[in-house]
Amino acid sequence: MRFPAELRASLGCHDGAGGEGVLPVKPPLSAAGIVRYWTRWMELTEEEREFGDPEEEGEPSWHPRWIPWAESDGDAQIIDGRDGPGFGRLGMKYHDEEGSFGDDAPSLAAYLTQVADALENGGSVGGRVAYVGVSGEMWWAAAPVAPSGGG
């Protein structure tokens, strides 16, 4: 399977970051973690060999060309490895649902740029903002909602 260049570069730099709180959605997996998660889902969906047209039928529960790059609690942020215009886009695979792809991040590079910009300049990524505790730990949580200006 062909990995997007930014995933290859990321794995070459750190091979997974581990730990919650590093990124707003899920912590990155190592190359071995990617293989383990992918293999587990291939075994779980062994009977599901027909992967129809997502535009007509929606996304399957798993596709062999999805790359799980970040995961926790069985849910993964995935990269679409299928050939075509969606190659490299980010989506989610929740353990008990079909995969889904939105327009939030067209690539891993775009997502990581959003994260870096939010950390450097403030702001949110997917409705989540970074917080740092007094002892230096970082976590992401839902952005506060601005009070309405009723009067």
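A salt bridge is taken here as a side-chain nitrogen of Lys or Arg within 4 Å of a carboxyl oxygen of Asp or Glu. The views below come from a predicted model, in which five salt bridges are found.

**View 1. Salt bridge between Arg82 and Glu59.** The side chains of Arg82 and Glu59 approach each other to 3.1 Å, N to O. This pair connects distant parts of the chain, with Arg82 in the loop between E2 and E3 and Glu59 placed 23 residues away, in the loop between helix H3 (54–57) and strand E1 (66–72). Both partners, Arg82 and Glu59, are buried.

**View 2. Salt bridge between Glu59 and Arg89.** Here the closest N and O atoms of Glu59 and Arg89 are 3.5 Å apart. Because Glu59 lies in the loop between H3 and E1 while Arg89 lies in the loop between E2 and E3, the pair ties together parts that are 30 residues apart in sequence. Glu59 counts as buried at 17% relative accessibility, whereas Arg89, at 23%, counts as partly exposed. Through salt bridges that share partners, Glu59, Asp80, Arg82 and Arg89 are joined into one network.

**View 3. Salt bridge between Asp83 and Arg2.** The closest N and O atoms of Asp83 and Arg2 are 3.4 Å apart. The two residues, separated by 81 residues, belong to distant parts of the chain, Asp83 to the loop between strand E2 (75–80) and strand E3 (90–93), and Arg2 to the segment before helix H1 (5–14). Asp83 is exposed, its relative accessible area being 61%, and Arg2 counts as partly exposed at 47% relative accessibility.

Terms used. Residues are numbered from 1 along each chain as its sequence is written. This is a predicted model: local features need pLDDT of at least 70, side-chain atom pairs count only at pLDDT 80 or more; totals for chains, interfaces and linings use all residues. Side-chain values use heavy atoms; hydrogens and water are left out. Helices (H or I, at least four residues) and strands (E, at least two) are DSSP runs, numbered from the N terminus. Buried means under 20% relative accessible area, exposed over 50%, partly exposed in between (1.4 Å probe, protein chains only).
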